[in-house]
Amino acid sequence: MAVAALVAGMQAHLGVAAVQQECISALVHITAVSSAGADAVVAAGGVAAVVAGMRAHVEVAKVQELGITALANIADDNPGGSGAVAVAGGVAVEAVATSFLSAAFSFWRFASCDERKSGARSDR
């Protein structure tokens, strides 16, 4: 029942990044505990909800990070889960999110390197 409520909340508030982030975070915890949790998320339509939330908030790194984790938990050693992730387009979304997070990390590393070269660190 809790999973269905989370999925319903995600569907009702697709445009609110904070709702997506909190609900996906809860789904991460549910899917990390057992394959039964992952099965419950699949049965409630949670895979599609996670993918929709990730697509709606491509620019929100935490939604992307949590979404990748939830999809990986669902697919891990779970043929039904991996099939549901693929059908919902989660594989493509996961690839886009991974690219986004990689680009963000590269930008952060470049900015940090640039600060070290210029000596403009804020902690000095």
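Mentor: Buried means under 20% relative accessible area, exposed over 50%, and partly exposed in between, with a 1.4 Å probe and protein chains only. This is a predicted model, where local features need pLDDT of at least 70, side-chain atom pairs count only at pLDDT 80 or more, and totals for chains, interfaces and linings use all residues. Residues are numbered from 1 along each chain as its sequence is written, and side-chain values use heavy atoms, with hydrogens and water left out.

Trainee: OK. Which residues of α2 are buried?

Mentor: Q20, C23, I24, S25, L27, V28 and T31. Helices here are DSSP runs (H or I, at least four residues), numbered from the N terminus.

Trainee: What covers them?

Mentor: The cover includes α1, α3, α4 and α5. Contact means heavy atoms within 4.5 Å.

Trainee: How far apart are the end C-alpha atoms of α2?

Mentor: They are 25 Å apart. The 17 residues should span 24 Å at 1.5 Å a residue, so the two values agree. The expected span is 1.5 Å times one less than the number of residues.

Trainee: Back to T31. Buried or exposed?

Mentor: Buried, at 5% relative accessibility. Its side chain makes a polar contact with the side chain of N73, at 3.1 Å. A polar contact is a pair of N or O atoms within 3.5 Å; within protein, one must be able to donate a hydrogen and the other to accept it, and residues adjacent in sequence count only if both atoms are side-chain atoms.

Trainee: What else is T31 in contact with?

Mentor: Leaving aside neighbours within four places in sequence, T31 contacts G37, A38, V41, A70, N73 and I74. Among these, G37, A38 and V41 are the buried residues of α3, which runs over residues 35-43.

Trainee: Where do those three sit around α3?

Mentor: On the same side, because they cover an arc of only 100 degrees around the axis. The arc is that of the directions from the helix axis to the C-beta atoms. They pack against α1 (2-12), α2 (17-33), α4 (46-56) and α5 (61-75).

Trainee: And what follows α3?

Mentor: G45, with a positive phi near 85 degrees.

Trainee: Switching to α1. Which residues are buried there?

Mentor: V3, L6, V7, G9 and M10. The face turned away from them carries the exposed residues A5, Q11 and A12.

Trainee: Now the core. Which members of the largest nonpolar core touch the most others?

Mentor: M10, I24, L27, V50 and L71, out of 21 residues. Helices α1, α2, α3, α4 and α5 each supply at least two residues, and α5 gives the most, with six. A nonpolar core is a set of buried Ala, Val, Leu, Ile, Met, Phe, Trp, Tyr and Cys residues joined through side-chain atoms within 4.5 Å.

Trainee: What does I24 touch?

Mentor: M10, V50, V63, L66, G67 and A70, not counting residues up to four places away in sequence.

Trainee: And L71?

Mentor: L71 lies in α5 and is buried, with a relative accessible area of 1%. Its C-alpha is 8.5 Å from that of V51, 20 residues apart along the chain.

Trainee: How many salt bridges does the structure hold?

Mentor: One. The side chains of E65 and K62 form it, at 3.6 Å, N to O. A salt bridge is a side-chain nitrogen of Lys or Arg within 4 Å of a carboxyl oxygen of Asp or Glu.

Trainee: Where do E65 and K62 lie?

Mentor: Both are in α5, three residues apart, about one turn of the helix. E65 is partly exposed at 38% relative accessibility, and K62 is partly exposed at 36%.
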